[in-house]
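Please inspect the sequence and the structure before reading each solution.

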Amino acid sequence: VMVSAVAAKEKSSVSTVKHPPLTPRKVLASVMRPLRDHDFRWVFITRFLMQMGVYTVLGFIYFWMVDVVHLPPCMTPERATGIALLPLMILGGLCGGVVGHLSDRWKRRKIFVLASTVIVSVASAGFLTWVTSFVGAVIVASTIGIGYGLYVTVDFALLLDVLPDDNTKGNDMAVWHQSLVLPQFLSAPIAGIIVDRLQREHCALALGYRVIFIMAAGYFLLSGILVFELKKVR
């Protein structure tokens, strides 16, 4: 951050023009204004759904390791979770770089979003729901990393393609960023209630985890389908 602040060159923001005071009404209006734009609104919704799925999975993968996965001898759930998430992050970064180049070259966004959501949906509903071995858990995490890496790169490109006003980019990106922040508050309580209730009654079946991972797959898939509502982006 310090390097960016010192090295980045930009025009002075000092102005002699007096601006009217900022009021809660004006703040609310600035939040709602970009959401009135058709494509921006759908980018917000699709990212919100994607992040709901991501935080549903990541928020409970440790507890899944504790309650469901058969870990190797002497391996703690904390260590197992860290090992499983490592390939997720590495593959996500690698795939993101490749897909970003291809997306720009082919001038396509939607197909990459759909592909990524299908990958993470299958990994969540088809694998996380039934896998009980540690090796299987690492493979599933790696698959999710590939799918999420595809999504993150194109996600930012989608935003840049649909920003409604060049003069309010900072405000509009701040509004868009709430599609990342809000799921962090909402996903855990929703999934937590489901896990607590179902695990208490059907612990042997790991029903609570199966339900929330299928629910996460639904978030992912819906995100990929709704991206085709965008009109300005191919």
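**Exercise 1.** Determine which helices the buried residues of helix 8 pack against.

*Solution.* The partners are helix 3 (38–67), helix 5 (110–128), helix 6 (134–162) and helix 7 (169–201); contact means heavy atoms within 4.5 Å. Helices are DSSP runs (H or I, at least four residues), numbered from the N terminus. Among the buried residues of helix 8 are Tyr-209, Phe-213 and Phe-220, where buried means under 20% relative accessible area, exposed over 50% and partly exposed in between (1.4 Å probe, protein chains only).

This is a predicted model, in which local features need pLDDT of at least 70, side-chain atom pairs count only at pLDDT 80 or more, and totals for chains, interfaces and linings use all residues. Residues are numbered from 1 along each chain as its sequence is written, and side-chain values use heavy atoms, with hydrogens and water left out.

**Exercise 2.** Identify the residues that touch the most other members of the largest nonpolar core.

*Solution.* A nonpolar core is a set of buried Ala, Val, Leu, Ile, Met, Phe, Trp, Tyr and Cys residues joined through side-chain atoms within 4.5 Å. Of 56 residues, Trp-64, Ile-144 and Leu-158 touch the most other members. Helix 3 gives the most to this core, with 13 residues. Trp-64 touches residues including Tyr-209 and Phe-213, both buried in helix 8.

**Exercise 3.** State where confidence is lowest and where it is highest.

*Solution.* pLDDT is the predictor's confidence in each residue, from 0 to 100. Its mean is lowest in helix 1 (residues 2–7), at 71, and highest in helix 8 (residues 207–226), at 93.

Note on methods:
Helices (H or I, at least four residues) and strands (E, at least two) are DSSP runs, numbered from the N terminus. Lists of a residue's contacts leave out its neighbours within four places in sequence.
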